[in-house]
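Please consult the sequence and the structure shown here while reading.

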Amino acid sequence: MATLTIPADYGYVILSAVGSSFVVAWQAMRVGAARKKFKILYPTMYSSDNDVFNCIQRAHQNTLENYPQFLYMLFIGGLDMPRLCAAGGAVWCLGRIAYTLGYSTGDPKKRMNGAFGYIGTFMLLGATVKLAVNLLRWI
């Protein structure tokens with residue numbers, strides 16, 4: 001039976017997760033400000049005639065759709081490679097910021113400005129798979 005211990009550097013992983021929660025909150029505030037600016041009242045999720053609002057809303061929604069996977073890979077992969085995963089988390093956050101700023105212009109193609117955030121996702125995925133393979137003693 002394998003034993004897991006939380007490495008001392010795991011604090012970086014936790015800080016990366018805290019940073020990500022600020023990114024999600026910042027996106028939510030942008031949606032709230034856009035609702036006020038464009039007069040899109042609750043419970044309307046998307047506007048039938050305002051693509052800029054829809055892009056701002058979609059940037060936040062897309063992050064929320066990907067957030068559970070990000071967090072589980074961050075926390076689990078970070079048990080084995082905390083510094084790498086913390087760095088991957090930071091890259092993911094920066095990617096989400098660039099994605100949001102690009103998408104919020106109203107031009108959906110500009111969301112690709114944040115595509116580099118996938119590098120962070122792949123870092124987390126690699127660390128998580130490595131931990132699983134090591135625990136299963138496949139290598």
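Which residues of the largest nonpolar core touch the most other members? In this predicted model, they are Val13, Tyr67, Phe70, Leu74, Cys85, Trp92 and Leu124, within a core of 14 residues. The points below treat the cores and then the largest pocket.

**Nonpolar cores**

**Contacts of Val13**

- With residues up to four places away in sequence left out, Val13 touches Leu74, Phe75, Gly78, Pro82, Cys85 and Ala86.
- Of these partners, Leu74 and Cys85 are, like Val13 itself, among the core residues that touch the most other members.

**Largest pocket**

- The space in the largest pocket amounts to about 250 Å³.
- Its lining comprises 16 residues, and Asn66, Trp92, Arg96, Tyr118 and Thr121 are those nearest the pocket centre.
- At least two lining residues are supplied by each of helix 2, helix 3 and helix 4.
- Helix 2 gives the most to this lining, with 5 residues.
- By residue class, the lining of the largest pocket consists of 7 nonpolar, 7 polar and 2 charged residues.

**Core and pocket together**

- Trp92 belongs to the largest nonpolar core and also lines the largest pocket.

Notes. Residues are numbered from 1 along each chain as its sequence is written. This is a predicted model: local features need pLDDT of at least 70, side-chain atom pairs count only at pLDDT 80 or more; totals for chains, interfaces and linings use all residues. Side-chain values use heavy atoms; hydrogens and water are left out. A nonpolar core is a set of buried Ala, Val, Leu, Ile, Met, Phe, Trp, Tyr and Cys residues joined through side-chain atoms within 4.5 Å. Buried means under 20% relative accessible area, exposed over 50%, partly exposed in between (1.4 Å probe, protein chains only). Contact means heavy atoms within 4.5 Å. On a 1 Å grid over the protein atoms alone, a cavity is a set of points where a 1.4 Å probe fits but cannot get out, and a pocket is an open set with protein on both sides within 12 Å along at least five of seven lines; lining residues have an atom within 4 Å of a point. Grid points are joined across faces, edges and corners, and a volume is the space filled by probe spheres set on the points. Helices (H or I, at least four residues) and strands (E, at least two) are DSSP runs, numbered from the N terminus. Ala, Val, Leu, Ile, Met, Phe, Trp, Tyr, Cys and Pro count as nonpolar, Asp, Glu, Lys and Arg as charged, and the others, Gly among them, as polar.
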